[in-house]
Amino acid sequence: MVSRAVWRRWSGRAVGLLMMGWLGCGGGPASIPQDHPDLTPFQPTQVRAQAPVAAASGFADQTGGGVFVSVMGQAVRMRLDGTLAPLENHPGNPVAPGKAHAVFRMGTGSALVEADNGLFLAQGGWLISPPWRDVLRAGLRATAATADGAVWLAHDSGLFRLRDGQLAALKVAGEALDGISALVAAPTEEGSSALWMLRQGEVRLVVQTAASAWQVRSVSLPLGTDERVVDLVGLGASVKGGAEIWALTSERLLRRSADGWRGVSLARKPTQVLASGRFVWVKAGDSLLSHDADASTWGLVSGVDTREFRFLAADESGCAWVQLGADTVALSRGPVPRVLGLYEGMTLVDDTLVVRARPAPGETPLSFAFELGGTRVPADGPSYCMGGVDVDGTLKPYSFLGLTPGPQTLSAVALYADGTETRRSVSFDYRPLSTEAVSWEKDIRPIHVARCARCHEAKGPGMDLSTYSLWKDNAARIIAAVREQRMPADGPLDPQLITLIQRWAATGANP
């Protein structure tokens, strides 16, 4: 354990690759704006685990289910409907994992399992022994993934950075950064990426200052004299809002967004907090609250006995896996569908991506649709999907190719017979390899003149398509006709021209 006096002596020191500086703690309590949540009661959708799960941290996958520890000490996969499947020891492992103790998030679809024989990757139904397994035994406390592709591990023996399969310890003047209980990836006040950590009740930032150098900076929180920080959680950025840090203190709940720190005024003292994606869950007294940051709404869970309660994991869809007495239950605000193939915060360059959706267990939706780029795309079951290309190489009617580069949101929307509509929205950054704009005058009109005008001018045998407005108004019919090779009458268009027409329509049918 390193004393605060030692930390002060280390302030500002640099130590090469594993460099960190430590600055003194910020000031005392300050008057800050207060949020007064308007709580809307809701009866949550509940999915119960069909086998006992241990009271240990788990990993919830945004496509549904996750990885947890059974009461027998086995690492198990949880499916969306609550059924369990084992995680098999990979044949290439030098040793068997042994009894599992806890599970931590590694990436969007993978987790770290802490077991008797070290840390193991849970991926694709296997428990895989990483090359650095022998470095870290039991004692993992928190993990966080940063935008540069690194995963940070807070362990009893110190703070470690995992990148490209290489594990490195970050130290200050040769001393380990031990005693860390929470890690969150979120930007600094200036907007640069950083790792927030909670160490012995004090909040610090780990900021990269050079290719292989980092600095630890102080963070000034508006705390009272005897108030201390108990836990940190974070919200990722979306097209509707930036990343946020939430701090659970010994007295209350604080949140920091682009506007600075704010208090969250609750009727009862908060005791537990959990966050993932754009959702925060809070246990306050016997009440369980859910906050949707994109919708700026608060919900109050009703009909759930929370007297014996523990958070296990949460995912980006707004689902929380919790323990209620001896039961493990997934709680969601309605039967929210899951999106497969596209992940929260993903950078997308493949405009032929196929996205699939999986409705919540139980009742089949009356109708299902995707919303993307201002367009609502109906989808049929049991395989709800959109995007991709046909066998001839042309894009399907709705694809990512027509989107404007930059932040985007795709929503999977399920409508049920009782009028309930639920949605899962995924924010992503669209960075296609080709960004050339398509217009009627430059790209589409030459196709019309060369292949369509003979039949589709004012006096031709077909419907009049001689102007930009007529093409725009009939874009869906035109695309269907050329894709089905019903038009042009003198033979099908080349796939590249069909794709060009589809892209023009999908990008707003520009003149």
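Predicted model: local features only at pLDDT ≥ 70, side-chain atom pairs only at ≥ 80, totals over all residues.
Strands here are DSSP runs of E with at least two residues, helices are runs of H or I with at least four, and both are numbered from the N terminus. Two strands pair if DSSP finds at least two bridges between them. Strand 5 (residues 66-69) and strand 6 (residues 75-78) are antiparallel partners, with four bridges. Five residues sit between the strands of this hairpin, and there Gly73 has a positive phi near 85 degrees. Strand 6 then goes on to strand 7 (residues 84-86), again antiparallel, through three bridges. Arg77 faces Ala85 across that pairing. This hairpin also has five residues between its strands, and Gly82 in the turn takes a positive phi of about 95 degrees.

Further along comes an open sheet of five strands in the order 13-14-15-16-17, with antiparallel pairing. Its edges are strand 13 (140-145) and strand 17 (175-176), each pairing on one side only. Strand 13 runs antiparallel to strand 14 (residues 151-155), and five bridges join the two. Among the residues involved, Ala145 has Val151 of strand 14 as its bridge partner.

Another open sheet of five strands reads 2-29-28-27-26, and here the pairing is mixed. Strand 2 (39-42) and strand 26 (270-276) each have a single partner strand, so one side of each is left without a neighbour in the sheet. On average, neighbouring strands of this sheet are turned by 25 degrees against each other, direction ignored; the axes behind such angles are lines fitted to C-alpha atoms, for helices over the stretch in contact, and angles run from 0 to 180 degrees between N-to-C directions. Inside the sheet, strand 27 (residues 279-284) and strand 28 (residues 287-292) make an antiparallel pair over six bridges. Look there for Trp281, which stands opposite Ser290 in strand 28.

Strand 28 turns up again in the second largest pocket, where strand 28, strand 39 (406-415) and strand 40 (421-430) each supply at least two lining residues. Some terms first: on a 1 Å grid over the protein atoms alone, a cavity is a set of points where a 1.4 Å probe fits but cannot get out, a pocket is an open set with protein on both sides within 12 Å along at least five of seven lines, and lining residues have an atom within 4 Å of a point. Grid points are joined across faces, edges and corners, and a volume is the space filled by probe spheres set on the points. This pocket has a volume of about 630 Å³. Its lining counts 24 residues, with Phe279, Asp292, Ala295, Arg423 and Ser425 nearest the centre. Strand 40 gives the most, six residues. By class the lining has four nonpolar, ten polar and ten charged residues, where Ala, Val, Leu, Ile, Met, Phe, Trp, Tyr, Cys and Pro count as nonpolar, Asp, Glu, Lys and Arg as charged, and the others, Gly among them, as polar.

The largest cavity holds about 110 Å³, and of its 13 lining residues Val47, Leu80, Ser332, Arg338 and Pro361 are the closest to its centre. Strand 3 (45-48) and strand 32 (327-332) each contribute at least two residues to that lining. Its classes come out as nine nonpolar, three polar and one charged.

Last, the aromatics. Rings of Phe, Tyr and Trp (its six-membered ring) pair if their centres lie within 6.5 Å; planes under 30 degrees apart count as stacked, over 60 as edge-to-face and the rest as tilted. That rule gives ten aromatic pairs. One of them, Phe309 with Phe311, is edge-to-face, at 4.9 Å centre to centre and 85 degrees between the planes. Trp440 and Tyr468 have ring centres 6.4 Å apart and planes at 55 degrees, so that pair is tilted. Trp440 belongs to helix 2 (residues 440-456) and Tyr468 to helix 3 (residues 468-473), so the pair ties together parts that are 28 residues apart in sequence. Ring pairs also link Trp440, Tyr468, Trp471 and Trp504 into a cluster.

Methods:
Residues numbered from 1 in each chain as written. Heavy atoms only, no water.
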